[in-house]
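Let's take a walk through this structure together.

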Amino acid sequence: MEKQHPISELVESTLNNIRSFAQTNTIIGTPIKTEDVTLIPVSRMSIGYGGGGMELSAKDGKISDGSYGGGTGAGARLDPVAFLIVRGDSVKLLPVAPPPATTIDRVIETVPEVVDKVTVFIEKQQEKKAAAAAEKMEAADLAE
């Protein structure tokens, strides 16, 4: 039977611990029910993991059994993102993110809206040009 390397045991143990708290119930929380409203918490989880090890050798360069040093570690962060509010047949998402802290954060947050508005403006301008060109063609056809 092949001997299992110590790092395998460290990795397996750490990953089992991560699995124990990184479950669906952690991200989509337990529903909170009142008379006619149900609140469902939604969170974001970030996980970092690292590990390593090495076999230690004696002064003569030979590796002896059991001479191993290593370790693993993991960290997790859970941030509340929003609540799903279920009332009858309607479902709404209520974000709980804090407002932007700096001017740069505000600018970054508004970029998608600005891009959408500029895109709509450009599309309208192109439609106007196409309509004007079509009118010119129609006027030219009538003049002949």
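V114 sits in helix α3, which spans residues 103-143; helices here are DSSP runs of H or I with at least four residues, strands are runs of E with at least two, and both are numbered from the N terminus. What you're looking at is a predicted model, where local features need pLDDT of at least 70, side-chain atom pairs count only at pLDDT 80 or more, and totals for chains, interfaces and linings use all residues. Residues are numbered from 1 along each chain as its sequence is written, and side-chain values use heavy atoms, with hydrogens and water left out.

Now for a residue in a strand. S43 belongs to strand β2, residues 37-57. This one counts as buried, since S43 has 15% relative accessibility. Which residues does S43 touch, leaving aside its neighbours within four places in sequence? Its contacts (heavy atoms within 4.5 Å) are T26, I27, L78, D79, P80 and V81.

Time to zoom out. The chain has three helices and four strands, and from the N terminus on they run α-α-β-β-β-β-α. Of its 144 residues, 8% count as buried. Take the contacts between residues at least 6 apart in sequence: 52% of them join residues at least 24 apart.

Note on methods: Buried means under 20% relative accessible area, exposed over 50%, partly exposed in between (1.4 Å probe, protein chains only).
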